Amino acid sequence: QVQLVESGGGLVQAGGSLRLSCAASGSGFSIFSMGWYRQAPGNGRELVATISTGGSTNYADSAKGRFTISRDNAKNTVYLQMNSLKPEDTAVYYCNAEGSYYGVRYNYWGQGTQVTVSS
């Protein structure tokens with residue numbers, strides 16, 4: 001019913017920047033909060049940042065001061081501006097949305113986009 005499509009990943013040198021975008025598509029759904037998670041090889045999926053409908057944000061400690069999450073509620077789109085990237089930021093980044101579809105709550109996930117930071 002709902003699809004999340006990420007874009008903006010790629011290869012960047014340490015210290016560089018990337019902006020990730022994620023757009024939710026479908027009908028009959030409402031999005032409450034959106035966020036970004038990441039998973040590096042050998043690691044579990046971890047929180048990067050989340051943002052509520054009202055604009056309240058939460059960041060992982062590793063992201064504070066470097067990453068900025070924002071959203072366009074009208075377009076059900078969330079962004080992650082990543083600055084001062086480090087090699088340890090290398091991971092598959094997944095878009096997440098918590099919402100409801102015809103009154104039933106779901107936790108939606110995108111397919112992931114690869115971010116690779118070279119040293």
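Before you click, one term: buried means under 20% relative accessible area, while exposed means over 50%. Also keep in mind that this is a predicted model.

Start by selecting residues 2-7, which make up strand 1. Show the side chains and you'll see them alternate.

Now bring in strand 8, residues 77-82. Strand 8 pairs with strand 3, again antiparallel, over six bridges. Here, look for Leu18 and its bridge partner Met82.

Time to zoom out. Four strands form an open sheet, in the order 1-3-8-7, with antiparallel pairing. Strand 1 and strand 7 (67-72) are the edges, each pairing on one side only. On average, neighbouring strands of this sheet are turned by 15° against each other, ignoring direction.

Last stop: two loops. Most residues other than glycine have a negative phi. Select Asn76, in the loop between strand 7 and strand 8: this non-glycine has a positive phi of about 50°. Then jump to Tyr102, in the loop between strand 9 (91-101) and strand 10 (104-109). Tyr102 isn't a glycine either, and its phi is positive, near 50°.

Which of these is buried or exposed? Asn76 has 18% relative accessibility, so it counts as buried; Tyr102 has 63%, so it counts as exposed.

Technical notes. Residues are numbered from 1 along each chain as its sequence is written. This is a predicted model: local features need pLDDT of at least 70, side-chain atom pairs count only at pLDDT 80 or more; totals for chains, interfaces and linings use all residues. Side-chain values use heavy atoms; hydrogens and water are left out. Buried means under 20% relative accessible area, exposed over 50%, partly exposed in between (1.4 Å probe, protein chains only). Two strands pair if DSSP finds at least two bridges between them. Axes are lines fitted to C-alpha atoms, for helices over the stretch in contact, and angles run from 0 to 180 degrees between N-to-C directions.
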